[in-house]
2 protein chains.
Amino acid sequence: MLRSIGRQWRCSAAFQCHCSNPVRRQQPLAPSSVERAFSTTVGQQVKAQQQQQQQLLQEQQQQQQMNKIDEEVSRLLALKAKLGGDAAPTNQKFTLKTPKGTRDYAPQQMTLRQGVLDKIIQVFKRHGGEAIDTPVFELKEVLTGKYGEDSKLIYDLKDQGGEILSMRYDLTVPLARYLAMNKISSIKRYHIAKVYRRDNPAMTRGRYREFYQCDFDIAGTYDPMLADAECVKIVAEVLDTLDIGDYVIKLNHRQLLDGMFEACGVPAKDFRAICSAVDKLDKSPWEEVRKEMVDEKGLDGAVADKIGEYVRLSGGKELVEQLLADAKLKAVPNAVKGLEGMQLLLNYCGLFNLESRVSFDLSLARGLDYYTGVIYEGVLKAEPGAVGSPVKASPVLENGKPVAADQGSGTVGSVAGGGRYDNLVGMFDPRGKAVPCVGVSIGVERIFAVLEAKFAASNVKLRTNDVEVFVASAHKGLHEQRLRVLNQLWDAGIKAEHSYKLNPKLLAQLQHCEEHQIPLAIVLGDAELAQGVVKLREVSTRQESTVPLAELANEIRSRLKA
Amino acid sequence: MLRSIGRQWRCSAAFQCHCSNPVRRQQPLAPSSVERAFSTTVGQQVKAQQQQQQQLLQEQQQQQQMNKIDEEVSRLLALKAKLGGDAAPTNQKFTLKTPKGTRDYAPQQMTLRQGVLDKIIQVFKRHGGEAIDTPVFELKEVLTGKYGEDSKLIYDLKDQGGEILSMRYDLTVPLARYLAMNKISSIKRYHIAKVYRRDNPAMTRGRYREFYQCDFDIAGTYDPMLADAECVKIVAEVLDTLDIGDYVIKLNHRQLLDGMFEACGVPAKDFRAICSAVDKLDKSPWEEVRKEMVDEKGLDGAVADKIGEYVRLSGGKELVEQLLADAKLKAVPNAVKGLEGMQLLLNYCGLFNLESRVSFDLSLARGLDYYTGVIYEGVLKAEPGAVGSPVKASPVLENGKPVAADQGSGTVGSVAGGGRYDNLVGMFDPRGKAVPCVGVSIGVERIFAVLEAKFAASNVKLRTNDVEVFVASAHKGLHEQRLRVLNQLWDAGIKAEHSYKLNPKLLAQLQHCEEHQIPLAIVLGDAELAQGVVKLREVSTRQESTVPLAELANEIRSRLKA
């Protein structure tokens, strides 16, 4: 049964990860109680559900009454205040802020962000991607049953007598809904948009409740690994072009993981729990993970030790060969299929010159329920002390628990990830018609955080607008002349501005140009205007020359080119 | 008192207009009852409010109980279904759709949309705009009391034990919140983002519940009309660059409207209702508007006739002169101030070469509560029968009433609008510190609708990706060679794709190129590869030439330039 199929980041990624926290896994919630129906008596559950229903109903009614009464009381107080004669509009008394886990993007952040997105889009287009967009909310039913426990992180809208709506949790489920709804059986699409998760924000580490995802997905029935390998290539191209530090792309295969668990003797019902433990290997040493498997999850110690031998392996083609010859794995069809897939993928990665970038890593687990084949993750390597090194693990709470420092794995953060998910579109099709998909999601918020830190450490001042020319007055009474010149420049497509004051001081105008790094300034004066010329000033050198008004646009264009 | 300050479109605009429907104005709602407190006894209201509160409480509790019970019943049924042994994941049974009033953007629509937005951004940047972004939801309190009656159109989020949030209704209130919160006293910012209104959608006419706004605003304390005139210039530049047909920019002034009503003898308490009637003059003949004023709004017939004389006036500078000499208006300080403002604005519009584009129009009313100075609206002129003519008024319901056809005013749709709002930021500042603002909002959804209609009427096939080269196999067994060539092209920054099949048919590959208008194709064959060359095919002419593999990227680049 599918339980968690959002494209998710590992905890090590320090952002948007909800897949492997054991504390949360252990708390029984409504959706997971449905799942547990397989192992306990459903009859008991029905009874428990009925009791819970009674209690919930009472509690919620009380709360709703309280809210409603509070609201009405406020309204009454407002009206009564008017009786006192205070009719002036009062200023708001609440603290001005953005909602928890969200932020404004100031012009400087927007400039940085747009630069990152432009580069990512360039890569996506280089691979033939088409853009789509979907509404920010979906019918709640579209999202229901797609994210397992994490469903509780979905933002629901108030039912105001219309449809029941929820805000999108990722871009993958909307894509699947779009493909099934429009009966599209193949597409290469990219989608860059905000998604919403009511998670505990860790904003200093790039984890928000409202954040951007940049997804590229290839849907269609194709020959094995050709599209998958291209997605890995896309991750490499994006990380290369963004130049945010050395990285590795870890690769693994869902079928191999399942086969390996089977070969080691893990009971099928425990695959998920054991996988979730494996998922922590990039933060915790094996001893801790083993302890969790045996003590918390009841795995036989000998079975855990067998897993331990495998999951500590990473390498390239030679590792695949070695495992294909492994007696235990050879006996399990899923393991062989997974390994053959890895062999083909590594071969294609070789043709794409990615040998030094990829690492076949048996500890890579990711959101297992979601993926049906290849999984991969782009991880920034630690560059201690270096300017531009990824944001350090800080003592921030993640899901309410302090985050463990990096345990010597040499990596600090996942900035991209994805894999193959062949069954999601079929869940939306009335006849279950599947459209195989493979995709990648770039973790741009974390990339923004890295770049913002890098930028703050540098002394470069970022320009937040593109103004090419400032039109200044040398003395009073020239505002109409300024407007005429501005109009001439705008009509010629030149980016120009002026002070919105009738008689600004010349010094203030020139200072504005230097502060805002505007390359050129035009200084108008009566003496020059009488001769049909203006002064053109190069702001950085403060050199001025005289240019005829009629040639101004051309002269500016050639100056800007130089 | 401010009541409705979202940037709003007139009903004639056929999209996102909520400002002037008399039916809705007459329904007393909680916010408007506060306002009426000035003219009726507040004591009575308090009593009525208390009664209303009782009734509301009962009704809502009943509804909430029903919802809760329905939900729990569904959960029980789901559990009981499991008792029957049906454990397989079932496909969804609900109708696959996007929420009411929303739509997906398919690749073709995205291409069109991105083209429009790019052009608009270019104009915004030409005027020195910086970008900001704000969260898609705000604390409900930020939006409360800003939109008057239209508050009921705001999407609220469910209270899930956190903050009470609402989705943004426009981009103007978030800007004001941003400026006040960050104590920013001047900025030129643009913001292009989706906003949300739970309105009756009229999607064929470009009116949605989720739609884009493209706003440019100039905040700061400046000399009169300099920033205002630049906003008018921006509207003209946007409409020119989008080339969607002939247009006019109507101009008017809030103070002049108020002054004119005063001069005609409208009681101050009726200004709003009469304004709302004036707002309909672009759809209805004067006789109907007069009828509404007199019969529905109880205005003295003689007063209405005086208004009728003014609101039918439109023109240029000469009209301002004429009105400045008008005995009735001369006596009203507001009217004189408004006219002097118009005089200055028209003077500046002249310097910007906009004489033929602007029209001083006394019937322009817009969302009056919001604006404090200049108001303007860019309106497409009707071009009956012409390809690319604006979307015709169709028999679509608007706020539940059939929309009247265009009444010979020669215009069919507002595609831009804005004005000056000097009091909004101060509403967020604890000490009420004002930041004067003027801005413009481009109605891109309507522009998309116009362009989509124009495009559908043409026979042009829009390209939805940018692929420059397709890499094809002439025969079997060449997929690894294809991947090598693709890698070479991608690394050289060339946009390239291939079939994701090991052995695709050559004809199918070449057809794909022609269908998708890919300019170039590379055809790989063993014979050529043995000599280190490939065939490069110009798809439109089907001409092929032989190019050495080593020179491929350069050759492709020079072909693409040509």
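The model is predicted: local features need pLDDT of at least 70, side-chain atom pairs count only at pLDDT 80 or more, and totals for chains, interfaces and linings use all residues. Residues are numbered from 1 along each chain as written, chains are lettered from A in the order written, and side-chain values use heavy atoms, without hydrogens or water.

Select residues 333-351 of chain A. This is helix α14, with 19 residues; helices are DSSP runs of H or I, at least four residues, and strands are runs of E, at least two, numbered from the N terminus. It reaches 27 Å from first C-alpha to last, close to the 27 Å expected at 1.5 Å a residue, counting one less than its number of residues. Colour its buried residues, among them A:Leu339, A:Met342 and A:Tyr348. Buried means under 20% relative accessible area, exposed over 50%, partly exposed in between (1.4 Å probe, protein chains only). Following α14(A), pick A:Asn353: its phi is positive, near 60°.

Now the salt bridges (a side-chain nitrogen of Lys or Arg within 4 Å of a carboxyl oxygen of Asp or Glu).

Go to A:Asp133 and B:Arg113, whose closest N and O atoms are 3.4 Å apart. A:Asp133 sits in the loop between β1 and β2 of chain A and B:Arg113 in helix α4 of chain B, so the pair joins two chains. Both are buried.

Next, select A:Arg542 and A:Glu514, bridged at 2.8 Å. A:Arg542 is exposed, at 52%; A:Glu514 is partly exposed, at 32%.

Finish with a salt-bridge network: A:Arg113, A:Lys194, A:Glu210, B:Asp133 and B:Arg168.
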